[in-house]
Amino acid sequence: MQKAPSACWSSESSGPIFGRADMRVDNAEHPRPGFRAIAEENVPNRFETFLLGDGEKKVTEEPDTRVQSASVFTFNREDHTLGNMLRSRLKQSPHVLFSGYKVPHPLFSTFELRVQTDGSLTPRQAVLQACKDLVTDLGLLSREFTKEWELRKMVGDNVDGGTNGI
């Protein structure tokens with residue numbers, strides 16, 4: 001038995017497990033010899049998924065010349081989480097005709113957001129407004145969660161001396 005790298009196969013699962021460097025796997029269990037070395041090379045370092053490089057912009061806009069009032073925004077160092085939140089928030093706007101995103105490649109933390117508006121505001125304005133709305137919504141969610149958490153802690157302290165099963 002040898003120590004497995006950070007990306008390996010386990011006999012208990014059907015896919016790769018990342019971040020389990022302490023797990024031991026016998027070479028005979030692996031369905032494809034040499035896979036571990038290839039997988040380890042392809043996995044980017046964790047800090048590379050969110051730190052911008054020198055001269056790299058967080059967001060770039062490319063006007064879509066095929067469709068009127070449309071643009072494609074490329075978000076660097078972001079993933080499905082922000083892409084889906086922006087897409088769904090943009091769809092709530094009455095001035096947005098289309099919003100969708102795609103991740104060009106799963107190993108790169110980048111997504112492309114395509115936005116088309118009715119012309120009363122630009123796609124850039126629509127994305128900026130969606131971002132502002134999301135910040136407001138997430139701030140409200142944070143305050144409500146903190147309030148409920150504190151209330152639950154107070155109720156738990158009064159009932160059973162501090163252990164409330166959480």
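## Basis of the description

A residue is called buried when its relative accessible area is under 20%, exposed when that area is over 50%, and partly exposed in between, with a 1.4 Å probe and protein chains only. The model is predicted, and for that reason local features need pLDDT of at least 70 and side-chain atom pairs count only at pLDDT 80 or more, while totals for chains, interfaces and linings use all residues. Residues are numbered from 1 along each chain as its sequence is written, and side-chain values use heavy atoms, with hydrogens and water left out.

## Overall fold

The protein chain holds three helices and eight strands, where helices (H or I, at least four residues) and strands (E, at least two) are DSSP runs numbered from the N terminus. Along the sequence these elements follow the pattern β-β-β-β-α-β-β-α-β-β-α. Of the 166 residues of the protein chain, 24% count as buried. With contact meaning heavy atoms within 4.5 Å, residues 24 or more positions apart account for 45% of the contacts in the protein chain with a separation of 6 or more.

## Helix H2

Helix H2 (residues 80–91) has 12 residues and reaches 16 Å from its first C-alpha to its last, close to the 16 Å expected at 1.5 Å a residue; the expected span is 1.5 Å times one less than the number of residues. The buried residues of H2 are Gly83, Leu86 and Leu90. Seen down the axis of H2, these buried residues fall within an arc of 75°, so they line one face of the helix, the arc being that of the directions from the helix axis to the C-beta atoms. The face turned away from the buried side of H2 carries the exposed residues Thr81 and Lys91.

## Nonpolar core

A nonpolar core is a set of buried Ala, Val, Leu, Ile, Met, Phe, Trp, Tyr and Cys residues joined through side-chain atoms within 4.5 Å. The largest one has 13 residues, of which Phe73, Phe75, Leu86, Leu90, Leu113, Val115 and Val127 touch the most other members. S6, H2, S8 and H3 each supply at least two residues of this core, and H3 gives the most, with four residues. Leaving out residues up to four places away in sequence, Val127 touches Phe73, Phe75, Leu90, Leu113 and Val115.

## Aromatic pairs

Rings of Phe, Tyr and Trp (its six-membered ring) pair if their centres lie within 6.5 Å, and planes under 30 degrees apart count as stacked, over 60 as edge-to-face and the rest as tilted. A search of the whole structure on this basis finds three aromatic pairs. The rings of Tyr101 and Phe111 have centres 5.9 Å apart and planes at 80°, so this pair is edge-to-face. Because Tyr101 lies in strand S7 (residues 96–102) and Phe111 in strand S8 (residues 110–117), the pair ties together parts that are 10 residues apart in sequence. Tyr101 is partly exposed at 24% relative accessibility, whereas Phe111 is buried at 0%.

The rings of Phe145 and Trp149 have centres 6.2 Å apart and planes at 20°, so this pair is stacked. Both residues lie in helix H3 (residues 123–160), four residues apart, about one turn of the helix. Phe145 counts as exposed at 55% relative accessibility, and Trp149 as partly exposed at 35%. Ring pairs also link Phe75, Tyr101 and Phe111 into a cluster.
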